[in-house]
Amino acid sequence: MSPGTYNLAAGMATSGAVTGWLRDLTGASYSSLTDEAAAVGRGAEGLLMLPYFAGERTPLFDPDARGTVIGLTLRHGRGHLYRAALEATAFGVRHNLEAMRSAGGSGKRLVAVGGGTKGGLWTRIVSDVLQQAQVLPTHTVGAAFGDAMLAAQACGVSCEGWNPVKSVVEPDPGAAEDYGRLYELYRDLYESTSHIAHELAGR
């Protein structure tokens, strides 16, 4: 790091792991699940998920948090569950960014990397939940490029043009109110059920 700078870091215990679990559970491909989730629409027709399938790191710091799905009916299928999982991780990102901002972080620019950038739906949901644009670079293997960039900067090598922007995912202002309310319910759900999750974790 450069002198006089600081870094705020956060990490969710699961994101891709939840989508991988659903893929393995249903036997469907990611592309099929993504198409079905896109057809469902915001709020997954009344489903809400807590993505704490392996506890949760920041900002809860709760190893005994557990995955939760509420609102299930007989009409819900795998596309609804997949949509709820994508939205749940987006709510988790929003929770982390709010914690960072309360600690003094600005969050001026969001860059999306990794497997979640494939297919377009997940990044669109995240931008809609955050109501912020996300930059998608040409190369989305974030850790490798980030490590190389830090090493280059430490050696005084310019990183200009290493990984140019490929596209920008803009939020839909029409999603703000709906996702705002769902986020409130997401936060309330953990507070309302954490004592049950903790007791079950002890079993």
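Student: What share of the 203 residues of the protein chain counts as buried?

Tutor: Buried means under 20% relative accessible area; exposed is over 50%, and partly exposed lies in between (1.4 Å probe, protein chains only). Here 36% of the 203 residues are buried. Keep in mind that this is a predicted model: local features need pLDDT of at least 70, side-chain atom pairs count only at pLDDT 80 or more, and totals for chains, interfaces and linings use all residues. Residues are numbered from 1 along each chain as its sequence is written, and side-chain values use heavy atoms, with hydrogens and water left out.

Student: How many helices and strands are there in the protein chain?

Tutor: Helices (H or I, at least four residues) and strands (E, at least two) are DSSP runs, numbered from the N terminus. This chain has 6 helices and 4 strands. Their order along the sequence is α-α-β-β-α-α-β-α-β-α. The radius of gyration is 18 Å, close to the 17 Å from the globule rule for 203 residues, so the chain is as compact as a globular protein of that length. That radius is taken over C-alpha atoms, and the rule is 2.2 Å times the number of residues to the power 0.38. The C-alpha trace spans about 60 × 35 × 35 Å along its principal axes.

Student: Which residues have the most contacts inside the largest nonpolar core?

Tutor: In soluble globular proteins, nonpolar side chains tend to be buried together. A nonpolar core is a set of buried Ala, Val, Leu, Ile, Met, Phe, Trp, Tyr and Cys residues joined through side-chain atoms within 4.5 Å. The largest one here has 36 residues, and Y52, F91, I125, Y179 and Y186 have the most contacts inside it. At least two core residues come from each of α1 (16-26), α2 (30-40), β1 (48-50), α3 (78-102), α4 (121-130) and α6 (176-201). The largest share, 8 residues, is supplied by α3.

Student: What does I125 touch?

Tutor: Contact means heavy atoms within 4.5 Å. Leaving out residues up to four places away in sequence, I125 touches R83, L86, E87, A90 and Y179.

Student: Why is α4 described as largely enclosed?

Tutor: Count its buried residues. In α4, 9 of the 10 residues are buried, so the rest of the structure largely encloses this helix. Among them are W122, I125 and D128. The buried residues of α4 pack against α1, α2, α3, β3 (134-137), β4 (165-169) and α6. Just after α4, Q131 takes a positive phi of about 55 degrees.
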